[in-house]
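Look at the structure first, then read the points below.

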Amino acid sequence: MNLSAKVSGNPQLRWALWAAIALLLLTLPFATEALFGRSWVRIIDIALLFVMLALGLNIVVGFAGLLDLGYIAFFAVGAYGYALLASPQFAVHWPFYVLLPLGAAAAAVFGILLGAPTLRLRGDYLAIVTLGFGEIIRVLLNNLNRPVNITNGPRGITLIDPIQLGGVSLAQTHEIAGITLPAVHNYYYVFLFCAVLTIAISLRLQHSRIGRAWMAIRDDELAASAMGIHTRNLKLLAFAMGATFGGVAGGLFASFQGFVSPASFHLIDSIMVLSMVVLGGMGNVAGVVLGAVLLTVLPEALRYIGPLQQRLLGEVLIDPADLRMLLFGLALVLMMLLRPEGLWPVRRRSAKAEAAHGR
Amino acid sequence: MEIFTQQLINGLVLGSIYALVALGYTMVYGILGLINFAHGDITMVGALVALTVVQALAAAGVPAPLVLVLAGGCAILVCSLLGLSIERVAYRPLRRAPRLAPLITAIGISILLQYTAALIWGKQYIALPKLLEPAAIDIAGAQLTTLQLAIFVLACGIMALLLWFIKASRMGRAMRATEQNPDVAGLMGVNVDTVIAFTFVVGSAIGAVAGLMVVLYYGIGHYFMGFMLGLKAFTAAVLGGIGNVGGAVLGGLLLGVIESMASGYIGDLTGGVLGSNYRDIFAFLVLVLVLVVKPSGLLGQSGGDRA
Amino acid sequence: MHKPALRHTLIASLVAALLAACGQEAPPPPKAEAPKAPEVITVKIGAASPLTGPQAHIGIDIRNGVQLAIDDANAANVEIGGKKVKFEIVAEDDEANPTKATTVAQKLVDAKVAAVVGHFNSGASIPASKIYADAGIPQISPASTNPDYTLKGYKTTFRVVAHDGQQGPVLARFAAKTLGAKTVAVIDDSTAYGQGLADNFEATAKSLGMKVVAREHTTDKDTDFKAILTKIKGRKPDLIMFGGIDPQAGPMVKQMKDLGIKAKYIGGDGMQTPNFIKLAGEAAAEGVMASIPGLPKDQMPGGKAFLEKFKAKFNQEVELFAPMGYDAVMVFIDAMKRAGSTDPAKFLPEVGKTNYQGVIGPIAFDDKGDLKVGPITIYVVKGGKWEPLEIVKPEGDAAPAATAAAGSAPAATAPAAPAAAEAAKK
């Protein structure tokens, strides 16, 4: 608080801080590779994807207060949209600048399709219907290989085109001005760009009229509608916007992995994204980013617990995969009980300021 | 015809299991207006506890009826305690919190139960030792075992008992009062905390019975088995009108029959375009349809916007 | 970083030399006495499989197979290009998750492994293969059966297990020839493995003139199969074929008996486990058949010795794919020897030219990197145990169903097991 007040009061200091953050982010893959190896650059890439996903879900859950338990379905729609139109599956190879917006649009359409009939439902009904929706999408992806083969079923789609920037494939290693840029680095910068963009959009949304209307709906729907807010349309908008983020992230995921299969879009993945939002603090953009990064990096660190147990106890008592799930469950419960506002709560000041603005 | 009768039997028995689990959802929802996401996993714990008891006793040569009673008793005991403590720890502190909070805790509890079970029982599918040899009854060429019949009768019996209890007993009246308005009920001398705790205990105990039935019927137990079962049962409760005890059983039976008939006949009806691979979707389609067309469910009162 | 590594190799080579000196009495290698450390190079072999989660037991089995092969190779003092080589395992856990698989693949590449044995799930092997291909590191999957895995045109991708397109037709031919089935109902579990197996079975069965009276699906989490079984009962097939694994096959067979279905039941390697018999109950399981690529474990050339060594080292029985993991390492070492180099760029071409007698039988690859099909064994449950019933030697290879049908008329279904074992030894 104190520091941020100081920084925001001093334009030069603020400039320096931003420059430092930018420099840090730009050099991060090189530093990471040098310190921990290239696999950790890959982990950071995945973390950036989850930042996008979590921010998308944050619009739905955090801003508008609609519990969506099938969010990963939009990620799946984006990923399959990209995979189908940029792979040998249909022998079409559309470029990413067509496919990413298309995936986003497709996801948004799905969001509206899901939202239109269900948004008048109460919160917990909505949760269960969205959960069902997520499962329906996965089952469809798994089964749309017969009688006509569209999705290639459980085998998934392989040989998906990488992103081509001006004829240059991001999946290859390039050398620019003596700097070697392997695939994971190239994708890092693309993902970073997209993640920063999503953060910027989220922040703008949060303080816009729409964002404040969402929060009004979240806090008291009846009062919001009495204030003249068109709750139905705004809730639909939240669904569509959230889905868009998921769709873009999905397209990026497909191009990055080169392979998609229904196995990547289970309910547990929806819950993981939800955990990121809840852990960081619902509605707080910075908190959600923190939550996403923590929950992608932490499981990687937890991997070392298995060998550690082996060394200390002579056997693996708790499977690290189980431990991770237990921690997720515990995080959800404890956060709600002890710190419902998240690790990085929304600052009260902003709420007050908003109140002063709004009325 | 023989095949049709068999499919009907299949559906009714599957539906009875859904109904037993749905009762737990509907009771808690009636009182608290909360979807107890963890209920499916309480059923799972009941099933695995029963399995463990059967495994231990059957090997020791204890007679089958006694094994059944002991397995059921242990499952009910463990699940009741579990339901009681979950309510106390995870839901009671959040009774006045925003609606989202207890839902998220419920999801968390569900995950915790699953993976704690995985730690205790492992992740393998556990087989039930040979215990019963249910006799088969022949109905117009279709097979019905005594076990299947027992499951069906049990579901209907528990429903009748519950209906009577809620209508006639003192506790039942307190439950109805709490359902109407907890604050006023409190003013009228009802101990709301006790009523809610009691509801959780009864719901969990019925879940334990459902778990025992699942184990006996399918002969298999697994830490993840409660998830899909819970989801289907919740769908059944919504279908019948959530909060309504009779509706839960009706919804369960209907859903079971719909699933059974759909996987049996949809392939031929659609010329092979759809098939049994879409079985799990039917439940969700029914759910969405009911919620959109008649959110209060088949037997629910039209007071759907109670909160 | 460098110094400890050097010291490790020094110590290790000394130990290895001492061990060698103790173990082999007749020809004591004189140069082993002197600390000719600089001559020893360390070669890392990656092993990637699920070491945690529901499939951990299979993943650990694979890793143990790799470990055993590396220990054997080190004990044998392998020399490549005139230099002594010490092999080292780098085992990673891919959690059976496609995204984690790519991370793990990158970790192995970072660790500068010379070759990779992995992964278990096709869904993990496929995305990971891209990363190995980019790095030029050869990969042998001991267990992934999805045909797509080798269809990507990578020169680095191999497998030492029959793919679904190979096992399914063999099952179908067995059903038609030996069982004499005329009508069949096919069920799959909607997974890549189960569906691939069932689809390939169905195609060959049809081409052999069998009538597929029902094609049903379930999932890998389901336990209630009464609805689809009732439908199948109405169609009265001679045989029910299931593409899937034991947690479904067990209860399914049990429910079949409940419904009074008399049809025979056959499946693939995923259900040939002791747990299947437990889940189905001995009475219902009796007579159920399942196939496994390769010879029966105790009839594999060198199989008995392998099983004994495995048991002695890890104090547990082989689950499923440990022999494949073992052979994968041996194939790599064999290729390195022929190339005279441990550099992936140099020995990679030799991997494709492999002609090696492994624990699982003769190993050679076709131009895609698939294992040239060896024998497939059909097992049957007899008295509560899986017993080898017949060894099928597919002549038709992985030919499309139509040609496979033509080629299968004289398909040598060896009647007696020992004869086939003899043939395989050649």
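A residue counts as buried if its relative accessible area is under 20%. The model is predicted. Over all chains, 27 aromatic pairs are counted. A pair of aromatic rings is described by the distance of the centres and the angle of the planes.

**A pair in chain A**
- The ring centres of A:Phe75 and A:Phe265 are 5.7 Å apart and their planes stand at 70 degrees, so this pair is edge-to-face; the angle needed for that label is over 60 degrees.
- The two residues are 190 residues apart, and their pair links distant parts of the chain.
- A:Phe75 belongs to helix H4 (residues 72–85) of chain A, while A:Phe265 sits in the loop between strand E8 (259–260) and helix H11 (267–280).
- A:Phe75 has a relative accessibility of 5%, so it counts as buried.
- A:Phe265 has a relative accessibility of 3% and therefore also counts as buried.

**A cluster in chain A**
- A:Phe75 and A:Phe265 also belong to a cluster with A:Tyr80 and A:Phe253, linked by ring pairs.

**A pair in chain B**
- B:Tyr25 and B:Phe234 form an edge-to-face pair, with 5.6 Å from centre to centre and 70 degrees between the planes.
- This pair, too, links distant parts of its chain: B:Tyr25 is in helix H1 (residues 2–32) and B:Phe234 is in helix H9 (residues 225–240), 209 residues apart.
- Both B:Tyr25 and B:Phe234 are buried.

**A charge over a ring in chain C**
- C:Lys313 lies over the face of C:Phe314, 5.9 Å from the ring centre.

Conventions:
Residues are numbered from 1 along each chain as its sequence is written. Chains are lettered from A and ligands numbered from 1 in the order in which they are written. This is a predicted model: local features need pLDDT of at least 70, side-chain atom pairs count only at pLDDT 80 or more; totals for chains, interfaces and linings use all residues. Side-chain values use heavy atoms; hydrogens and water are left out. Rings of Phe, Tyr and Trp (its six-membered ring) pair if their centres lie within 6.5 Å; planes under 30 degrees apart count as stacked, over 60 as edge-to-face and the rest as tilted. Helices (H or I, at least four residues) and strands (E, at least two) are DSSP runs, numbered from the N terminus. Buried means under 20% relative accessible area, exposed over 50%, partly exposed in between (1.4 Å probe, protein chains only). A charge sits over a ring if NZ of Lys or CZ of Arg is within 6 Å of the ring centre and within 35 degrees of the ring normal.
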